[in-house]
Amino acid sequence: MVLKIYNTLAREKQEFVPLVAGRVRMYVCGMTVYDHIHMGGARMLVAFDVVQRWLRASGYDVTYVRNITDIDDKIIKRAQENNEPIEALTARFIAAMDEDSAALGVEKPDFEPRATEHVEGMQKMIAALEQKGLAYRAANGDVNFAVRKFPEYGKLSGKTLDDLRAGERVDVLPGKQDPLDFVLWKTAKEGEPYWESAWGKGRPGWHIECSVMSSALLGNHFDIHGGGQDLQFPHHENEIAQSEGANRTKFVNYWMHNGFVRVDNEKMSKSLGNFFTVREVLGRYDAEVVRFFIVRAHYRSALNYSDQHLEDAKHALTRLYTALKGIDAVAGPVDWSDAHAKRFQDAMNDDFNTPEAVAVLFDLANELNKSRSAKDAALLKSLGCALGLLQGDPVAFLQGRVTGSSRLTEGPDISRSTGGVSHTPESIEKLISARAAARKARNFAEADRIRKALEDAGIVLEDTAQGTTWRRS
């Protein structure tokens, strides 16, 4: 089965045919660094991490670019509120983004351009648009894109200009020829950062950033452009207009958009105030549980956030790690002729159908529970690797000793107290030894008391021929 991708531009699944055989060039709109990443941002990061992992696992030579927006209105406002330099603010949140991404198992992109590094290229593209009659200088000094002079405007959203005007909230700024016209270059206000330009002191608009950074690193025409569903209009629509208007060539072949994270049937967003940061969530749940929670939903579907769903993800991932426990196996090359591997491959080739791929992992885990085969365990870990899962030590995961984030040394909720006893891994082992001694002395009441005390603290003991092991419930 060949890879098929749902192309937002075509509004259907299409067979993926790269521009250059065996090579994929992919650009994804990254984070605007003025605050910590919330779960909506985490979903985008994880979703496209899975995409690039599967493309590489499929044998493609991938160039993956994910930008950083380090200058825009929100950043300027937050820096002013904090009374700190913009460079200090963005550096702090870039470092935090890197920590949170690493905790979630998100691999670094091949290139991570910053908007402030490409202002000269943005000025050149704006000048080209102006020369082609697609941009104009407004009365307030801004340079705007004239959407009605680009006949294909609206092709990504599938709406006409009149439909877009009627159905979208569009800020009407002074000097716009049409409410849908958007700014390419903003005249600097007093106290704002600026660059010198042919249009005076100012800075680039948000939309022009990605057009320039993507073309600088991937060329004017490339394979895949991704981002959150909320970017489809106007951001990605505007990117197409700018890039195709300036370069007179098709911009992107396949447009991909991940679905929203929702809380109480509303999109999770900072503007609504109903968001949870990755750091907050990692303070309560292991990072791989959070990644599994994201991965087991299809990237285009809505993802409903709740503690119950995270608990469900925790128990489900525990089942997979339980199957791997006690078997010495490492991930390696996959034999795609294996029945489980073939099902997994077919699922991922069907627009990255991770729910079906995860179902294959559970079927394989059931087989592993029966066979206890190193071959089955290695296959389970290898398929999990394509999703960024199951690469940790099973015992460490089951005992809660893996890190919930890069800032937690013992993992989330690692110490629990019952009857004055703090249950760290060391104290648990001591209680297991005390229980073993009580059983040897045939003091079964004491042995049962210790087991019950640990159970009450969420510690499950498992007696085997090799001795007693434990895990957190």
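Mentor: A salt bridge is a side-chain nitrogen of Lys or Arg within 4 Å of a carboxyl oxygen of Asp or Glu. Please keep in mind that this is a predicted model.

Trainee: Where in the chain do the partners R78 and D35 lie?

Mentor: The side chains of R78 and D35 form a salt bridge with an N to O distance of 3.5 Å. This pair links distant parts of the chain, with R78 in helix α2 (residues 73–82) and D35 in the loop between β3 (23–32) and α1 (39–57), 43 residues apart.

Trainee: Which helix holds both E446 and R449?

Mentor: Both residues lie in helix α16 (residues 444–456), 3 residues apart, which is about one turn of the helix. E446 forms a salt bridge with R449, and their closest N and O atoms are 3.0 Å apart. E446, at 27% relative accessibility, is partly exposed, and R449 is partly exposed at 47%. Elsewhere, salt bridges that share partners join D49, R53, E107 and R291 into one network.

Trainee: How should I read a pair of aromatic rings, and how many aromatic pairs does a search of the whole structure find?

Mentor: A pair of aromatic rings is described by the distance of the centres and the angle of the planes. The search of the whole structure finds 15 aromatic pairs. Among them, F292 and F362 are edge-to-face, with 6.4 Å from centre to centre and 70° between the planes. F292 is in helix α9 and F362 in helix α12, so the pair ties together parts 70 residues apart in sequence. F292 is buried, with a relative accessible area of 0%, and F362 also counts as buried, at 14%.

Trainee: Why is the pair of Y299 and F352 called edge-to-face?

Mentor: Planes over 60 degrees apart count as edge-to-face. The ring planes of Y299 and F352 stand at 75°, with the centres 6.3 Å apart, so the pair is edge-to-face. Y299 lies in the loop between α9 and β13 and F352 in the loop between α11 and α12, 53 residues apart. Y299 is buried at 6%, and F352 is buried at 2%. A ring may also accompany a charge: the charged end of R300 sits over the ring of Y6, 4.2 Å from its centre.

Trainee: Which residues of α11 are buried, and what do they pack against?

Mentor: The buried residues of α11 are H340, A341, F344, A347, M348 and N349. They pack against β1 (4–7), α1, α12 and α13 (374–385). H340 has a relative accessibility of 18% and so counts as buried. Leaving aside neighbours within four places in sequence, H340 is in contact with V360, D363, L364, E367, L379 and L383.

Trainee: What is found at the ends of α11?

Mentor: D338 caps the N-terminal end of α11, with a side-chain oxygen 2.9 Å from the backbone nitrogen of H340. α11 is followed by D351, whose phi is positive, near 55°.

Trainee: Which other residue has a positive phi near 55°, and where does a cis peptide bond occur?

Mentor: R248 has a phi near 55°, a positive value in a residue other than glycine. R248 is located in the loop between α7 and β10 (252–258) and is exposed, with a relative accessible area of 57%. The cis peptide bond joins F233 and P234, with omega about 5°; P234 lies in helix α7 (residues 232–247).

How values were computed:
Residues numbered from 1 in each chain as written. Predicted model: local features only at pLDDT ≥ 70, side-chain atom pairs only at ≥ 80, totals over all residues. Heavy atoms only, no water. Helix = DSSP H or I, 4+ residues; strand = E, 2+ residues; numbered from the N terminus. Buried < 20%, exposed > 50% of the residue type's maximum accessible area, 1.4 Å probe, protein only. Contact = heavy atoms within 4.5 Å. Polar contact = N/O pair within 3.5 Å; in protein donor to acceptor, adjacent residues only side chain to side chain. Phe/Tyr/Trp six-rings, centres within 6.5 Å; stacked < 30°, edge-to-face > 60°. Lys NZ or Arg CZ within 6 Å of the ring centre and 35° of its normal.
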